[in-house]
Amino acid sequence: MRQLKERNRCNRSVRHLKIQGKIWLKNLKSGLDQFRESQVRGTRTNFLHDGSFHEAVAPVLAVAQCFCLMPVSGIGAPTYRGLSFSRRSWRFWYSSLYLCSTSVDLAFSIRRVAHSVLDVRSVEPIVFHVSILIASWQFLNLAQLWPGLMRHWAAVERRLPGYSCCLQRARPARRLKLVAFVLLAVSLMEHLLSIISVVYYDFCPRRKDPVESYLHGTSAQLFEVFPYSNWLAWLGKIQNVLLTFGWSYMDIFLMMLGMGLSEMLARLNRSLEQQVRQPMPEAYWTWSRTLYRSIVELIREVDDAVSGIMLISFGSNLYFICLQLLKSINTMPSSAHAVYFYFSLLFLLSRSTAVLLFVSAINDQAREPLRLLRLVPLSGYHPEVFRFAAELASDQVALTGLKFFNVTRKLFLAMAGTVATYELVLIQFHEDKKSWDCSPSNHD
């Protein structure tokens, strides 16, 4: 009797599990059907990512155009063929208006310095305005060359070895966008910290309202000529935001170019690394050498277009690093100022280092084939291999600062030595105790 009861209990449990299982499967099927119906069917265009530099850099250029830089039309086009530059477009006039407003702002800054004591702090706004004004003019000239430059870039990209899979093809674009937007986010954070530090502790109050006092300090050069008004203060603040973004964008843009050009050389190097240890026909080495020469010619064309921006970027970064080190010796007026100051200094040092490393990667990748050619077996040597090695040994492939210097890793040591020497001199002969006084305007 007891065994019968246990058998019935087991049968009831099995039937219950079967019923619950059928209900669970029915609910799962219903959920899958609903999920399937909610999905949009992918089309062919969703998978057409060619991995080109034009496609990767388009979002970064779109952000730049919001801040009056790179007035090129068609940056969102599927290919470089949609790019164009026209002096009749609103983008051109938008950038031209920005150049005019920056020139006027510079004139007011020069007037203010002329009526005050000339020292390292009073000259800071002039250096800042002049560097951004020249860089903006350089970007306007670059916009005219950009369609032709991308045409040449795309022609070289078509000759490069293909990617092994779609994920590898998308990786350079994802990396480029990640670096750009992380730097833009940190730049925005730095600017917000500068606003918070002044509003939180205004050690130079110019008006009773802290926000109005901050706006007055941001555009103090204007209010030495005109009476204070909110609309003029906000116009000055907009100009200040555009200038601050333009300074950061110089470095971001150079990083993008460095990543794009070094990736082209890296693709050639990956092909060489796969084939170099086995005997290859002479035609392969001819193809490799001519492809390398095409990339070098593209790098030199890019250098002719952006070497002025490179010089301004490295020069202004070095100047402001030294200026920030001068301020770091003095006591900060508040903890909010200290947080902003050291965050800004760390960001400036990190950004300057990142520019140098990303751009110098071009030189690193251009020297890599010479190392790989040493692995060619004796039976695989051809006259083309010797010719290729001779070109690699004699070429100096790197972007330059208006031909004054080559951007290589050695430049990092030279700049670090300059900054260290300047800091030692400051420690020994420092006399300036006015880095946080109210006499000059605080400039961010």
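## Ground rules

Because the model is predicted, local features need pLDDT of at least 70 and side-chain atom pairs count only at pLDDT 80 or more, while totals for chains, interfaces and linings use all residues. Residues are numbered from 1 along each chain as its sequence is written, and side-chain values use heavy atoms, with hydrogens and water left out.

## Overall fold

The protein chain has twelve helices and zero strands. Here helices (H or I, at least four residues) and strands (E, at least two) are DSSP runs, numbered from the N terminus. Read from that end, the elements run α-α-α-α-α-α-α-α-α-α-α-α.

Of the 444 residues in the protein chain, 48% are buried. Buried means under 20% relative accessible area, exposed means over 50%, and partly exposed lies in between (1.4 Å probe, protein chains only). As for contacts (heavy atoms within 4.5 Å), take those between residues at least 6 apart in sequence: 79% of them join residues at least 24 apart.

## Helices H2 and H8

Two packed helices are described by the angle between their axes and the distance between the axes. For H2 (residues 53-66) and H8 (residues 230-275), the angle is about 180° and the axes are 11 Å apart. That makes H2 roughly antiparallel to H8. Axes are lines fitted to C-alpha atoms, for helices over the stretch in contact, with angles running from 0 to 180 degrees between N-to-C directions. Angles under 35 degrees count as roughly parallel, over 145 as roughly antiparallel, 65 to 115 as roughly perpendicular and the rest as oblique.

On the H2 side, the contact is made by Phe 53, Val 57, Val 60, Leu 61, Val 63 and Ala 64; their partners in H8 are Phe 245, Tyr 249, Ile 252, Phe 253, Met 256, Leu 257 and Gly 260. By class, the residues of this contact are twelve nonpolar, one polar and no charged. The classes put Ala, Val, Leu, Ile, Met, Phe, Trp, Tyr, Cys and Pro under nonpolar, Asp, Glu, Lys and Arg under charged, and the others, Gly among them, under polar.

## Aromatic rings

Rings of Phe, Tyr and Trp (its six-membered ring) pair if their centres lie within 6.5 Å; planes under 30 degrees apart count as stacked, over 60 as edge-to-face and the rest as tilted. By this rule the count is 22 aromatic pairs. In one of these, Trp 90 and Tyr 94 have ring centres 6.2 Å apart and planes at 40°, so the pair is tilted. These two residues are four apart in helix H3 (residues 90-114), which separates them by about one helical turn. Trp 90 is exposed at 55% relative accessible area, whereas Tyr 94 is partly exposed at 31%.

The rings of Phe 245 and Tyr 249 have centres 5.6 Å apart and planes at 25°, so this pair is stacked. Both residues lie in H8, four residues or about one turn apart, and both are buried. They also belong to an aromatic cluster with Phe 67, Phe 139, Trp 146 and Phe 253. Elsewhere, the charged end of Arg 351 sits over the ring of Trp 247, 4.5 Å from its centre. That label requires NZ of Lys or CZ of Arg within 6 Å of the ring centre and within 35 degrees of the ring normal.

## Residues to look up

Helix H4 (residues 120-159) holds His 129, which is buried at 2% relative accessibility. Its C-alpha atom is 9.8 Å from that of Thr 244, 115 residues away along the chain. Glu 157 is also in H4 and is buried at 15%. Leaving aside neighbours within four places in sequence, Glu 157 is in contact with Gly 51, Ser 52, Phe 53, Met 264 and Arg 267.

Met 70 is in the loop between H2 and H3 and is buried at 1% relative accessible area. Leu 402 is in the loop between H11 (383-394) and H12 (409-429) and is partly exposed at 42%.
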